[in-house]
Amino acid sequence: MKASTFRLGINLWPPFLFTGIHVTAIAADYRHVRVELRQRPWNVNYVRTHFGGSLFAMTDPFWMLCLLQNLGRDYYVWDKAGEIEFVKPGKGTVATEFRLDAATLDEVRAATANGGKYLRWFANDILDARGEVVARVRKQVYVRLKPEARQRMP
């Protein structure tokens, strides 16, 4: 799917639309994504800072999505685990970015070439408008080359 079409669709997806999560950029090759969480009266917690679940949700599908789009249909790609560390209260608009480089893709392909599973941790920070860290998020992604794809390899 074209990145621009996906961006439009995910921004209209109710879990993002109604929580204030907005994908502001997706590179055509799915190697860079930028996501914002805009503070609204319905997405704050009791003390009027960003709800922690929304901070985590804004990071949820993107490492998996970037890998899946770059590795292609020959691979199983799933989110396996995730964790978040809240560093300071988040207020206003906060943002995070996902960058997938060629070296990481080469690493994943090499680690899965024999058909075994590979678990890879990815990390990114959620920043406020001043560039200060609000939260640190880590996501573990499961990757495995599909058996039929391995049989086709020379």
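User: Are phenylalanine 62 and phenylalanine 98 buried or exposed?

Analyst: Buried means under 20% relative accessible area, exposed over 50%, and partly exposed in between, with a 1.4 Å probe and protein chains only. Phenylalanine 62 and phenylalanine 98 are both buried. This is a predicted model, in which local features need pLDDT of at least 70 and side-chain atom pairs count only at pLDDT 80 or more, while totals for chains, interfaces and linings use all residues. Residues are numbered from 1 along each chain as its sequence is written, and side-chain values use heavy atoms, with hydrogens and water left out.

User: How many aromatic pairs does the structure hold, and why is the pair of phenylalanine 62 and phenylalanine 98 called tilted?

Analyst: Two numbers describe a pair of aromatic rings: the distance of the centres and the angle of the planes. Rings of Phe, Tyr and Trp (its six-membered ring) pair if their centres lie within 6.5 Å; planes under 30 degrees apart count as stacked, over 60 as edge-to-face, and the rest as tilted. There are 6 aromatic pairs in the structure. For phenylalanine 62 and phenylalanine 98, the centres are 5.3 Å apart and the planes stand at 40 degrees, so the pair is tilted. This pair links distant parts of the chain, with phenylalanine 62 in helix 4 and phenylalanine 98 in strand 4 (residues 94–99), 36 residues apart. Helices (H or I, at least four residues) and strands (E, at least two) are DSSP runs, numbered from the N terminus. Ring pairs also join Trp13, Phe16, Phe62, Trp63, Phe98 and Phe122 into a cluster.

User: Which residues of helix 4 are buried?

Analyst: Helix 4 (residues 62–71) is mostly covered, with 7 of its 10 residues buried. They are Phe62, Trp63, Leu65, Cys66, Leu67, Asn70 and Leu71. Just after helix 4, glycine 72 has a positive phi of about 95 degrees.

User: Which charged residue lies over the face of phenylalanine 122?

Analyst: A charge sits over a ring if NZ of Lys or CZ of Arg is within 6 Å of the ring centre and within 35 degrees of the ring normal. Arginine 120 is placed over phenylalanine 122, at 4.7 Å from the ring centre.

User: With which residue does arginine 120 meet in a salt bridge?

Analyst: Side chains of opposite charge can pair when their charged atoms come close. A salt bridge is a side-chain nitrogen of Lys or Arg within 4 Å of a carboxyl oxygen of Asp or Glu. Arginine 120 meets glutamate 107 in such a bridge (2.7 Å, N to O). The two belong to distant parts of the chain, glutamate 107 in helix 5 and arginine 120 in strand 5, 13 residues apart. Arginine 120 is buried, at 17% relative accessible area, whereas glutamate 107 counts as partly exposed at 31%.

User: How many salt bridges does the structure hold, and where do lysine 88 and glutamate 132 lie?

Analyst: The structure holds 13 salt bridges. In one of them, lysine 88 pairs with glutamate 132, the closest N and O atoms being 2.5 Å apart. Lysine 88 lies in the loop between strand 3 (75–86) and strand 4, and glutamate 132 in the loop between strand 5 (118–127) and strand 6 (133–145), 44 residues apart. Arg34, Glu36, Arg38, Glu97 and Arg99 are linked in a network of salt bridges.
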